[in-house]
Amino acid sequence: RQMCIRDRVSTQSTGGFTMTREISEDEIKSCFSALDTDGDGVITRDDLAFGIRALGKIPSQEQIKKLQDEIGTTALIDIKVFSSAVKKPFPLPHTAEKSMRDTFKELDANNDGTIPESELRQMLLTLGNPMSHKEVDTLMQEMEVDNAGRVRYDKFIDVVINGCPVGDGLL
């Protein structure tokens with residue numbers, strides 16, 4: 001799968017705001033094509049969450065489960081269903097930025113703008129909308145870890161919030 005780093009990141013809080021942004025049909029088609037690795041015109045239910053995140057939204061696990069339940073357990077998703085799902089209102093990353101920065105500042109025991117990579121991994125795997133090990137590994141490949149095993153959390157948040165547009169900066 002060719003996906004932006006932002007596409008695989010869930011945030012811990014969205015501050016209760018749900019926002020939408022206009023996503024072009026070209027963006028939707030490009031994202032769908034990237035997910036449709038065998039070119040058969042359908043993607044799986046699991047690919048749906050990746051796709052929605054690839055287009056800059058951060059649905060909760062509950063929202064994804066509800067959407068998947070609406071689609072059905074055995075259904076494969078075509079471009080029409082995918083497009084409809086993407087256009088639903090989901091939170092956008094910038095709504096979570098302040099909350100994320102405040103949380104990391106509280107966790108910064110050394111007050112040096114860093115957090116141990118191991119703690120960051122554990123948080124991503126267990127808190128809020130937990131990420132899979134594969135998602136965390138993919139995200140951490142983009143992060144610089146210093147000699148002491150620490151990650152600058154401002155850079156981490158910037159990657160989460162700014163990410164990359166579909167088609168640019170692909171992994």
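A: Leu48, Gly51 and Ile52 of helix α2 are in contact with Phe82, Ala85 and Val86 of helix α4. Sorted by class, this contact between α2 and α4 holds five nonpolar residues, one polar residue and no charged residues. Gly counts as polar in this scheme. The model is a predicted one.

Two packed helices are described by the angle between their axes and by the distance between those axes. Here α2 spans residues 45–54 and α4 spans residues 79–86; they pack at an angle of about 50 degrees, and their axes are 10 Å apart. That angle makes α2 oblique to α4. The oblique class takes in what is left after the roughly parallel range (under 35 degrees), the roughly perpendicular range (65 to 115) and the roughly antiparallel range (over 145). As for handedness, α2 and α4 cross in a right-handed sense.

The aromatic side chains come next. Searching the whole structure gives three aromatic pairs. In one of them, the ring centres of Phe104 and Tyr153 are 5.4 Å apart and the ring planes are at 10 degrees, so the pair is stacked. Phe104 belongs to helix α5 (residues 97–107) and Tyr153 to helix α8 (residues 153–162); the pair therefore links distant parts of the chain, 49 residues apart. Phe104 and Tyr153 are both buried.

Phe104 also pairs with Phe156: the ring centres are 5.7 Å apart and the planes are at 70 degrees, which makes this pair edge-to-face. The cut-offs behind the two labels are under 30 degrees for stacked and over 60 for edge-to-face. Because Phe104 lies in helix α5 and Phe156 in helix α8, this pair ties together parts that are 52 residues apart in sequence.

The limit for calling a residue buried is under 20% relative accessible area. Taken together, Phe104, Tyr153 and Phe156 form one aromatic cluster.

Helix α8 also contains Val160. With a relative accessibility of 3%, Val160 counts as buried. Its C-alpha is 9.9 Å from that of Gly56, although Val160 and Gly56 are 104 residues apart in sequence.

Note on methods. Residues are numbered from 1 along each chain as its sequence is written. This is a predicted model: local features need pLDDT of at least 70, side-chain atom pairs count only at pLDDT 80 or more; totals for chains, interfaces and linings use all residues. Side-chain values use heavy atoms; hydrogens and water are left out. Axes are lines fitted to C-alpha atoms, for helices over the stretch in contact, and angles run from 0 to 180 degrees between N-to-C directions. Helices (H or I, at least four residues) and strands (E, at least two) are DSSP runs, numbered from the N terminus. A crossing is left-handed if the near helix is turned anticlockwise from the far one by less than a right angle, and right-handed if clockwise. Contact means heavy atoms within 4.5 Å. Rings of Phe, Tyr and Trp (its six-membered ring) pair if their centres lie within 6.5 Å; planes under 30 degrees apart count as stacked, over 60 as edge-to-face and the rest as tilted. Buried means under 20% relative accessible area, exposed over 50%, partly exposed in between (1.4 Å probe, protein chains only).
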